[in-house]
There are 2 protein chains.
Amino acid sequence: MTTRNLQHDIGKKKPFEHAEEEAYLNLIRTAAALAVDFERLFRTHDLSEASYNALRILRGHAHVNPKAGTIVGSKASGHGLPCHQIGEMMVARVPDVTRLVDRLEEAALVERVRCEKDRRVVYVRITEKGLKTLASLDKPVIELHKQQMSHMTARELGELNRLLYKARHPEQ
Amino acid sequence: MTTRNLQHDIGKKKPFEHAEEEAYLNLIRTAAALAVDFERLFRTHDLSEASYNALRILRGHAHVNPKAGTIVGSKASGHGLPCHQIGEMMVARVPDVTRLVDRLEEAALVERVRCEKDRRVVYVRITEKGLKTLASLDKPVIELHKQQMSHMTARELGELNRLLYKARHPEQ
DNA sequence: TGACTTTAGTTGTTTCAACAGGTATTGTTC
DNA sequence: GAACAATACCTGTTGAAACAACTAAAGTCA
């Protein structure tokens with residue numbers, strides 16, 4: 001058996017000179033390959049990976065009635081999250097949360113509420129429609145995750161998580 | 001010591017229920033974090049990650065005089081690579097090689113030659129200017145790779161490469 | 001309290017990615 | 001060899017990412 005690796009994958013003639021370079025390209029290629037499937041899934045609900053991510057963050061910080069799955073509190077009371085906090089929590093930094101929220105608001109998946117205490121701040125809150133959209137995606141998303149990683153053992157997934165975390169934290 | 005992981009990284013309140021989901025988000029986040037540095041580096045030479053990648057592919061398939069670093073063969077003879085092959089070899093699939101090449105040609109980093117045998121095909125060839133641009137990036141790129149991965153052991157890099165490769169090849 | 005800095009968000013502009021549709025050339029099949 | 005399909009690339013259009021400049025509000029400090 002010949003060892004298959006990135007070099008053959010991309011039709012590179014010579015082996016990689018530096019394992020660091022190979023790791024980087026491997027990372028980009030794998031991330032892109034897996035992301036394509038999710039992009040396609042999200043697009044069936046007119047969402048991008050970024051807008052889905054933002055919605056997930058907002059759901060995680062909404063006051064939801066666990067039984068009914070509805071939002072607790074009125075538009076004015078139960079504030080959501082300030083724009084800049086959304087930006088900080090996104091998996092991939094988005095340098096334009098304003099327009100990301102614009103599009104979500106356009107689709108009535110979120111709503112904006114100006115903060116009265118600090119009038120610079122705008123709270124963003126997920127709507128019932130946003131919750132429903134996410135709910136309809138929950139199962140397909142988990143299933144796609146499982147499908148993509150079905151051939152990886154639990155130990156491998158754990159090790160991959162550890163190495164990926166370490167890779168982006170040089171200081172620790 | 002508390003174990004730092006993705007959950008704390010993105011300010012998630014609950015731990016991940018599925019290791020598959022965590023691995024995916026870890027992957028996207030790490031790839032984005034590392035890519036940002038390269039995007040910035042490439043942009044100092046008016047290149048994107050995609051156009052740099054295409055240039056690297058074209059250099060790998062050019063007939064270069066190893067001593068002088070110049071291109072062997074005239075524009076008409078030493079053909080480069082057909083557009084669709086470039087697309088196949090990119091680390092991240094680009095569904096529009098034409099305009100990627102358009103921009104590179106605009107910047108005089110590549111040139112196009114229509115294939116005489118099969119007139120559908122257009123060969124793309126890196127120019128001397130393209131080679132020079134790449135050459136000036138070679139050292140900074142390698143150094144950035146090393147810097148980003150300086151805290152990873154050789155064993156960890158090898159394991160990361162193995163796991164990433166496996167992650168995107170469910171069939172094997 | 002008034003000048004300065006910082007923070008939060010918006011707006012304007014340019015570039016690029018994504019998708020679909022179109023044209024020219026070649027391959028295939030009856 | 002004519003009709004059809006497949007391939008290779010180009011073009012048109014739309015939406016979104018990237019970057020910078022801008023406005024408004026709040027904090028800082030002499």
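## Around the DNA

How many residues surround DNA strand C, and which are the closest? There are 21 residues around DNA strand C, and the closest are A:P82, A:C83, A:H84, A:T98 and A:R120. A residue is near the strand if its C-beta atom, placed from the backbone, lies within 6 Å of it.

The elements that give two or more residues to this surface are α4 (83-89) and α5 (97-106) of chain A, together with α5 (97-106) of chain B. Helices are DSSP runs (H or I, at least four residues), numbered from the N terminus. The largest share, three residues, comes from α5(A).

## How to read the model

This is a predicted model: local features need pLDDT of at least 70, side-chain atom pairs count only at pLDDT 80 or more, and totals for chains, interfaces and linings use all residues. Residues are numbered from 1 along each chain as its sequence is written, while chains are lettered from A and ligands numbered from 1 in the order in which they are written.

## Two copies, one axis

Chain A superposes on chain B by a rotation of 180° with 0.0 Å of shift along its axis (RMSD 0.0 Å). The two copies are thus related as by a two-fold rotation axis. The superposition is by least squares on the C-alpha atoms of residues with pLDDT of at least 70 in both copies.

## Where the chains meet

Chain A brings 53 residues to the contact and chain B brings 53 residues, with contact meaning C-beta atoms, placed from the backbone, within 7 Å. On the side of chain A that touches chain B, α2(A) gives the most, with 17 residues.

The copies meet through the same surface, because 100% of the interface residues of chain A are also interface residues in chain B.

Methods: Contact = placed C-beta atoms within 7 Å.
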